[in-house]
Amino acid sequence: MVKVHKAADGRLKQIIEVGGNSFFSDVPEAHGGDSAGPEPHDLLDAALGSCTALTVTMVARRKQMPLEDVRVEVTRGESGGLYTLNRRIELVGALTPEQREYLLG
């Protein structure tokens with residue numbers, strides 16, 4: 001379960017509680033916040049990037065593939081009311097072309 005509520009300090013700062021962890025989200029001062037944490041859209045992008053990296057890593061380990069690292073870059077755009085996310089995934093390690101295809105498929 002994820003819980004979110006207004007922080008006692010800050011103008012728009014939110015406390016996010018996930019399991020035993022807690023952290024802040026906020027917006028820049030230019031948008032009425034205090035820049036006390038990542039913006040919600042940044043957290044969404046980070047969730048996609050970390051989910052991708054963790055999933056690929058776990059699959060490679062289960063298949064005993066020589067994957068050393070997964071590097072994910074997430075960029076976003078907004079046009080015509082549509083929010084788009086794009087991922088760039090880099091696989092680091094001595095993988096065969098077949099293994100790379102499998103992990104990215």
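The numbered points below take up selected residues in turn.

1. The model is predicted, and the remarks that follow should be read on that basis.

2. Ser 25 belongs to strand β3. Its relative accessibility is 6%, so Ser 25 is classed as buried, the cut-off for that class being under 20%. A polar atom of the Ser 25 side chain lies 2.8 Å from the backbone oxygen of Pro 38.

3. Leaving aside residues up to four places away in sequence, Ser 25 touches Leu 12, Lys 13, Gln 14, Ile 16, Gly 37, Pro 38, Glu 39, Pro 40 and Leu 43.

4. Ser 35 is not a glycine, yet its phi is positive, at about 55 degrees. The residue is placed in the loop between β3 (21–25) and α1 (40–62). With 45% relative accessibility, Ser 35 is partly exposed.

5. Gln 64, also not a glycine, has a positive phi of about 55 degrees. Gln 64 sits in the loop that runs between α1 and β4 (67–79). Its relative accessible area is 72%, and Gln 64 is therefore exposed, the threshold being over 50%.

6. Which residues make the nonpolar surface patch of about 330 Å²? Val 2, Val 4, Val 18 and Phe 23 form it. Of these, Val 4 is located in strand β1 (residues 2–6) and is exposed, with a relative accessible area of 52%.

Conventions: Residues are numbered from 1 along each chain as its sequence is written. This is a predicted model: local features need pLDDT of at least 70, side-chain atom pairs count only at pLDDT 80 or more; totals for chains, interfaces and linings use all residues. Side-chain values use heavy atoms; hydrogens and water are left out. Patches are made of residues with over 30% relative accessible area and no salt bridge: like charges are joined within 9 Å, nonpolar side chains (Val, Leu, Ile, Met, Phe, Trp, Tyr) within 5 Å. Accessible areas come from the Shrake-Rupley method with a 1.4 Å probe; for residues, only the protein chains shown count as cover. A salt bridge is a side-chain nitrogen of Lys or Arg within 4 Å of a carboxyl oxygen of Asp or Glu. Helices (H or I, at least four residues) and strands (E, at least two) are DSSP runs, numbered from the N terminus. Buried means under 20% relative accessible area, exposed over 50%, partly exposed in between (1.4 Å probe, protein chains only). A polar contact is a pair of N or O atoms within 3.5 Å; within protein, one must be able to donate a hydrogen and the other to accept it, and residues adjacent in sequence count only if both atoms are side-chain atoms. Contact means heavy atoms within 4.5 Å.
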